[in-house]
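Let's walk through this structure together, one piece at a time. Have the model open in your viewer and follow along.

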Amino acid sequence: MDEIDAVFETVAETAGDVRSILGERRSYEEGQNPSGEQQLAADIYADERLEQRLLDIPAVGSYASEERDEVVEDSGEYHVACDPLDGSSNLKPNNGMGTIVGVYDEPLPAGGDALVAAAYVLYGPTTTMVTAVDGTVTEYLVEDGDRAVLDEDVTVPDDPVVYGFGGRAPDWPEAFASFVEEIENRRLKLRYGGAMVADVNQVLTYGGLFGYPMLADRPEGKLRLQFEGHPIAAIVSMAGGASSDGSESLLDKTPQELHERTPLFVGNESLIDDLESAVQ
Ligand SMILES: O=P(O)(O)OC[C@H]1O[C@](O)(COP(=O)(O)O)[C@@H](O)[C@@H]1O
Ligand SMILES: [Mg+2]
Ligand SMILES: [Mg+2]
């Protein structure tokens, strides 16, 4: 699909720009995003750049992002939802961060069944990009805005190695806390860096489970279904893994509101099955 490739191309180009400003846009701005989180100058830069560039593509009919209240309308058959800078609190300690993009063929907010393609960029020691469309997941190295294929068929390894869960352990519901204990006893290794894209990329590379669970005072968890949940779930699912909110696949869910949150788990299908049995 040429239109989807145009979106991927634009995201790769923009990744080059975002990478180049990270060093100088480290300060917090006055404003908060619709989820009540303080915005960094880099969050705002990435959001504005993606908005401009993506809406320039004729097939892109609207742009929505974690960093703005409303959908920006244009005309075109695809609707793009972005987390412009995922894990931006990692900017200060110089750790991994990402950009997440979901492409839908229905106006937003839209259900997971309307998602036709997804991608993320990982700003690590190198910049890489993972795309998912038509059942295939591809990993690229991004240099100067250009993509070079690293792995043309990314699949979640059968034998899981790593796990990482967000939130404070005392806030985890009892059933989830017992599940985590059991996961640790299976000799999985802890890998948690505080940026979902970076943590999920560990799961795609080594196999395992990433989650940001329901919390005692926040049963809806932290992460946003439209901007983070659906695209990440689609990528992991197309790579042979699975997703869940604790009881059903994230791809079966439709947000009632654009910025709706959800508990989020992605990884090997067997681990997602075990998680659902443990927390339901
Ligand atoms: O600091 P915590 O509570 O572990 O939360 C980390 C999670 O929050 C996020 O940073 C939320 O994303 P944003 O940075 O885009 O708001 C995820 O990337 C990450 O998994
Ligand atoms: Mg995020
Ligand atoms: Mg963000």
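Strands count as paired here if DSSP finds at least two bridges between them. Helices (H or I, at least four residues) and strands (E, at least two) are DSSP runs, numbered from the N terminus. Within this pair, Ala81 has Gly102 of β6 as its bridge partner.

Before going further, a word on conventions. This is a predicted model, in which local features need pLDDT of at least 70 and side-chain atom pairs count only at pLDDT 80 or more, while totals for chains, interfaces and linings use all residues. Residues are numbered from 1 along each chain as its sequence is written, and chains are lettered from A and ligands numbered from 1 in the order in which they are written.

Now zoom out from that pair. It belongs to an open sheet of eight strands with mixed pairing, in the order β4-β3-β5-β6-β7-β8-β9-β10. At the edges sit β4 and β10 (146-151), each of which pairs on one side only. In general, side chains in a regular strand alternate between the two faces of the sheet.

Strand β5 (residues 78-86) also holds Leu85, which brings us to an annotation. The unreviewed UniProt entry lists Glu66, Asp83 and Leu85 under "binding site"; UniProt positions are given in the numbering used here, feature names are shortened, and annotations may be inferred rather than shown by experiment. These residues are spread over 20 residues of sequence, yet they cluster in space, with a largest C-alpha distance of 9.1 Å.

Are these residues buried or exposed, taking Leu85 as one of them? Leu85 counts as buried because it has 32 C-beta neighbours inside 10 Å. The cut-offs are these: 20 or more other C-beta atoms within 10 Å make a residue buried, 12 or fewer make it exposed, and anything in between is partly exposed, with C-beta atoms placed from the backbone. Leaving out residues up to four places away in sequence, Leu85 touches Ala42, Asp43, Ala46, Met97 and Thr99; contact means that the C-beta atoms, placed from the backbone, lie within 7 Å.

Glu66 lies in the loop between β3 (60-65) and β4 (72-73). Glu66 is buried too, because 25 other C-beta atoms are within 10 Å. Beyond its neighbours within four places in sequence, its contacts are Asn33, Ser35, Asp83, Pro84, Arg224 and Phe227.

Next, the overall layout. The chain is divided into domain 1 (2-151) and domain 2 (162-279), with bounds from an automatic or database domain assignment. Their centres, taken over C-alpha atoms, are 21 Å apart. The contact between them takes 35 residues from domain 1 and 29 residues from domain 2. On the domain 1 side, β3, β5, β6 (97-104), β7 (115-123), β8 (127-133) and β9 (136-143) each supply at least two residues, and the largest share, five residues, comes from β6.

Finally, step into the second part of the chain. Strand β11 (residues 162-165) pairs in the parallel sense with β12 (residues 189-190) over two bridges, and Tyr163 stands opposite Leu190 in β12. Together with helix α3 (residues 174-185), β11 and β12 make a right-handed β-α-β unit; right-handed means that, with the strands pointing away from the viewer, the path from the first strand over the helix to the second runs clockwise. β11 also pairs in the parallel sense with β13 (residues 208-212), over four bridges, where Phe165 stands opposite Gly211.

How values were computed:
Two residues are in contact if their C-beta atoms, placed from the backbone, lie within 7 Å.
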